[in-house]
Every structure is written in C-alpha cells, then in structure tokens.
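Visitor: Can you walk me through this structure? I am new to this.

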Amino acid sequence: MPYKLVHIGFGNMLVAERIVAIIHPSSAPIKRLKEEAKEGARLIDATQGRKTRAIIVTDSNHVVLSAIQPETIVHRFESESEDASQD
C-alpha cells in the first residue's frame, strides 16, 4: 500500500495519514508546544532557515516546522485526499 505524501516545502514530505493538525505558529500555546517538542527531541525543522509559517503535529506527537503557509499545506493535503479517492 503506497503512502500519500504531502509536500511541506523545500523537498520535504510528510505522510498524509499521520498529520493530526496544521497550525499557525503565532499564539502562545503553540509556541509552548514548539518549545516542549524541542526539549523532548520531537521537533523537526523543515524551514531551511526561513521563518516558520506553519506548525504540523503528527500522530506520533512530533512537531514539524514549515516555511509554507498553513493554507497552502491544507490545500495540498486536500489535493492528495482527492487523488486518493479517485484511485
């Protein structure tokens, strides 16, 4: 069974089925979530040194930073879901 991947920027991909949330990083609770993930070695930085524009939470409790807008990632995520339903 092939996995459906979602492009999160700069050639980085996540398995679509593992994504729990795609969040804008501006609120204080989300910043705390990011810091807790960093302390627990669960933070993955996929920004390539650019500004974090989206935070993705996975079902394994990993936190992934992306330089792509959350709306763009959601659009890509939905496109992957539509492609899967056509198969």
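Guide: What follows is a short tour by topic. This is a predicted model, where local features need pLDDT of at least 70, side-chain atom pairs count only at pLDDT 80 or more, and totals for chains, interfaces and linings use all residues. Residues are numbered from 1 along each chain as its sequence is written, and side-chain values use heavy atoms, with hydrogens and water left out.

Visitor: Which residues make up the largest nonpolar core?

Guide: It has 11 residues: Val6, Ile8, Leu14, Ala16, Ile19, Ala46, Ala54, Ile56, Val64, Ile68 and Ile73. A nonpolar core is a set of buried Ala, Val, Leu, Ile, Met, Phe, Trp, Tyr and Cys residues joined through side-chain atoms within 4.5 Å. Buried means under 20% relative accessible area, exposed over 50%, and partly exposed in between, with a 1.4 Å probe and protein chains only.

Visitor: Which strands each supply at least two residues of this core?

Guide: β1 (5-9) and β5 (54-58) do. Strands (E, at least two residues) and helices (H or I, at least four) are DSSP runs, numbered from the N terminus. Apart from that core lies another, of five residues, among them Ala37, Ile55, Val63 and Leu65.

Visitor: What does Ala54 touch?

Guide: Leaving out residues up to four places away in sequence, Ala54 touches Ile23, Pro25, Val64, Leu65, Ser66, Ile68, Gln69, Pro70 and Ile73. Contact means heavy atoms within 4.5 Å.

Visitor: And Thr52, is that buried or exposed?

Guide: Thr52 is buried, because its relative accessible area is 18%. Thr52 lies in the loop between β4 and β5. Not counting residues up to four places away in sequence, Thr52 touches Pro25, Thr47, Leu65 and Ser66.

Visitor: Changing topic: how many salt bridges are there?

Guide: The structure holds one. Asp59 pairs with Arg18, and their closest N and O atoms are 2.6 Å apart. A salt bridge is a side-chain nitrogen of Lys or Arg within 4 Å of a carboxyl oxygen of Asp or Glu.

Visitor: Where in the chain do the two partners sit?

Guide: The pair links distant parts of the chain, 41 residues apart: Asp59 is in the loop between β5 and β6 (63-66), and Arg18 is in the loop between β2 (12-15) and β3 (19-23). Asp59 counts as partly exposed because its relative accessible area is 45%. Arg18 is partly exposed too, at 40%.

Visitor: What follows α1?

Guide: Ala41 follows α1, and its phi is positive, near 55°. Most residues other than glycine have a negative phi.

Visitor: What about Gln48?

Guide: Gln48 is not a glycine either, and its phi is positive, about 55°. Gln48 is in the loop between β4 and β5. Gln48 is exposed, as its relative accessible area is 51%.

Visitor: Last one: what does Arg42 touch?

Guide: Not counting residues up to four places away in sequence, Arg42 touches Glu36, Ala37, Asn61, His62 and Val63. Arg42 lies in the loop between α1 and β4 (43-45).
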